[in-house]
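Here are some notes to read beside the model. Take the points in order and find each place as you go.

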Amino acid sequence: MKYNSASKKIQKYQMYKIFIQGIVQGVGFRPYIYRKAKEENLVGTVKNTGNGVEIIINSKDFLKKLNDLPPLAKITSYKIQKISLQKQYLDFKILKSSYSKGETELPADIFMCNDCLSELRNNVNRRYNYYFITCTNCGPRFSMIEDYPYDRPFTSMNEFKMCSRCKKEYTNPMDRRYHAQTIACKDCGPKLKLLKDKVDISGISDIKTIEKSMDIIKSGDAIAIKGVGGFHICSLSDDNSVGKVRKMLNRPDKPFAIMIKNIEMAENIAVLSKKEKLLLESPIRPIVVVKKKHKYEFQKISELDTIGIMLPYTALHYLLLDFIDEPLLMTSCNIPGEPVSIKEKIGKYFLTHERRIVNRCDDSVLKLIGNKTSYLRRSRGYAPIPIRLPINCEDTIAVGGEMNNVICTTKNNKCYLSQYIGNTSHYETFEFLKDTIKNFIKLTRLKPKIIACDLHPVYNSTFYAKKLSKKYNAKLIQIQHHKSHVASVAAEHNLKDYVGIAIDGLGYGEDGKIWGGEVFDVTNSNNFNRIGHLEEQPQLGGDSATIYPKKMLFGILKKFLEENEIIKLNLFNEEESRVFNKVLENDFNVPKTTSAGRILDATAALLDICDKRTYDGRPAMLIESIATKPFDIKPVILNKNNKKILQTTNLFEYFYSNIDKDKGKLAATSQMYLAKGLFSIANHASKKTDKPIVLSGGVAYNKMITEYMMKNNVLVHKEIPCGDGCISFGQAYLSNVS
């Protein structure tokens, strides 16, 4: 007991300060705490602090009561401190948010919840048929956040003044929309518009506008529809409509995704496992790549034996699908190389709205390999939720690679991976990269000490990393591409000593050559020994051979065939053969490569199923699509300069001798030859050192290759892509280990 100078007794009240971090903003966490405190007859306060939530309460065991968190909330850490206060609390209150210098974990964009869906369908509810219905448990988040604390003034919803009824819900702690920053209704929310050549042709109401839009789609035209993180191009899924979209987007072959009403419709199209159904119906609502029920159906949508399917995840999607009972083509609105559009830019018709997209964000794309989720694109629904690293890091910016770019910022042990950015060799995507880095520095309250990038000397991302290093006076660390690959999966499994297999299209090697089929023996996280790789093959014309697989094939065949023998294959005309032969003889622009991707490309050319790579990975994906059961041939591995070299010329000698055999079996043989050969090299090292084996790289999206590896206990990625979307994660990790 204490006394003041006037000898008056000062009463002290014992309370507990609980500081919680995690996904606790924009997910209904504070009203949840409020309701829990009320249920327990406790007193105190709760508020957002910018980097977490602070609770003052008269119970040290309060956290034990939090056993039914809101669906989007996640507690990752907390601290409890006993405090004494002069002020007596008589009630429990939610306080106004305060600003903090620390970072918080921001929520991702997710689907519309079942409560909102019920209201959307309820004709006596005031939000009946309202296309922008959301609550604290669902809807846009990251795509509209400008800063935090996650309050309306720091979102693009700040431009819309709440009506009295929305305000009442927003300020009532017992309401599902208490502090729902996306709160809106027909009276005060963003308005829907239908434009034709930028002229407003909207209906007399939102639902009439939606109906009119679907009439345009049913007539065979396509509409650019403004979604959560960017525009989709939407059309019917028949050949004629899809053909128009392909011409509009300059995507002659790349598979499109379709949106379907429900799982029942999906099962009419594809063969779905239980886990694939769960992924489709998950709150993230990703595109899931699944096996077609009939390989030659939806051939114009996808030339592969698979198709990307997603369920509706916004009220607008549900309302559009009310007017049709068939799948809709629903693909990102962008031409190749550019980021997804957030403006009325491509097409004639636009179904748009007034809410500004702050952070563009493509749909996430997943597929199952060996019943494990493989992330082809980790974006909407996942970004910017951090992934834990097994070490504490200095404040780091890792800018990733050039293709399929994803950047990350790292604080302590949290790695904040960005949304999908894309091919940064293109100007607009490079600008997107720079904007994303700037935004993540702000959102994660970063004070950069390390800038990590690829070893490649002419990547745009490398140039920009050097610029950032000078700007922030931060240490620049360049890391070889394939080391980043294997380190990223090793970090996910908290491994310091391991054998790593990296298989992809290309990466700049430490010897200045093009790598892509590599085996490393790694000790103490950062001590790499390149113990094996694929045989070096000539890449005629350099990068042009990645576009035209026949160039890659010719260089391999010329190792064991005469020109006239090659011409007899009827794959090359005399002019092509003469030019390719001259290039080889002069050894001009014929770099050597160990790329696994190029071997699959050459196989596609030999089997005459792909003469041009019109989208990333096309030849290899066509190989995977036709593969059946492989012929049993033993990989040939030579020892050279203390390295084990998997011979790939032998593979094509076998193909040449068996060219009349079943294409499906030959396609499978190419894949299995790489899988068995690379595993054999890695396994030899693993047995000697008792180290686990890990696998990464874009070729690891191949089911046959990766399932073979997994059956032999090779570890794969858990939460991030195995393609170049994992590079920044590996860069951040390796730049912080000693």
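1. Start with a term. Helices (H or I, at least four residues) and strands (E, at least two) are DSSP runs, numbered from the N terminus. Residues are numbered from 1 along each chain as its sequence is written, and side-chain values use heavy atoms, without hydrogens and water. This is a predicted model, in which local features need pLDDT of at least 70, side-chain atom pairs count only at pLDDT 80 or more, and totals for chains, interfaces and linings use all residues.

2. Confidence comes next. pLDDT is the predictor's confidence in each residue, from 0 to 100. The chain averages 94, and 98% of the residues score at least 70. Residues 1-7 stay under 50. Where pLDDT is low, the predicted coordinates should not be read in detail.

3. Now find the open sheet. Five strands form it, in the order β6-β3-β5-β4-β7, with mixed pairing. Two strands pair if DSSP finds at least two bridges between them. β6 (74-85) and β7 (92-94) stand at the edges with a single partner strand each, so one side of each has no neighbour in the sheet. Inside the order, β4 (residues 44-48) and β5 (residues 53-57) pair in the antiparallel sense over five bridges. Asn-48 stands opposite Val-53 in β5.

4. Helix α1 (residues 29-39) packs on this sheet and touches β3 (13-23), β4, β5, β6 and β7. Contact means heavy atoms within 4.5 Å.

5. On a 1 Å grid over the protein atoms alone, a cavity is a set of points where a 1.4 Å probe fits but cannot get out; lining residues have an atom within 4 Å of a point. Grid points are joined across faces, edges and corners, and a volume is the space filled by probe spheres set on the points. The count comes to six cavities of 30 Å³ or more.

6. The largest cavity holds about 190 Å³ of space. Of its 19 lining residues, Tyr-131, Phe-132, Val-228, Thr-314 and Ala-315 are the closest to its centre. Which element gives the largest share of the lining of the largest cavity? That is α8, with three residues.

7. The second largest cavity has about 130 Å³. It is lined by 13 residues, and those nearest its centre are Ser-374, Thr-706, Val-716, His-717 and Cys-722. β19 gives the most to this lining, with four residues.

Note on methods. Axes fitted to C-alpha atoms, helices over the stretch in contact; angles between N-to-C directions. 1 Å grid on protein atoms, 1.4 Å probe; cavity = no way out; pocket = protein on both sides within 12 Å on 5 of 7 lines; lining within 4 Å.
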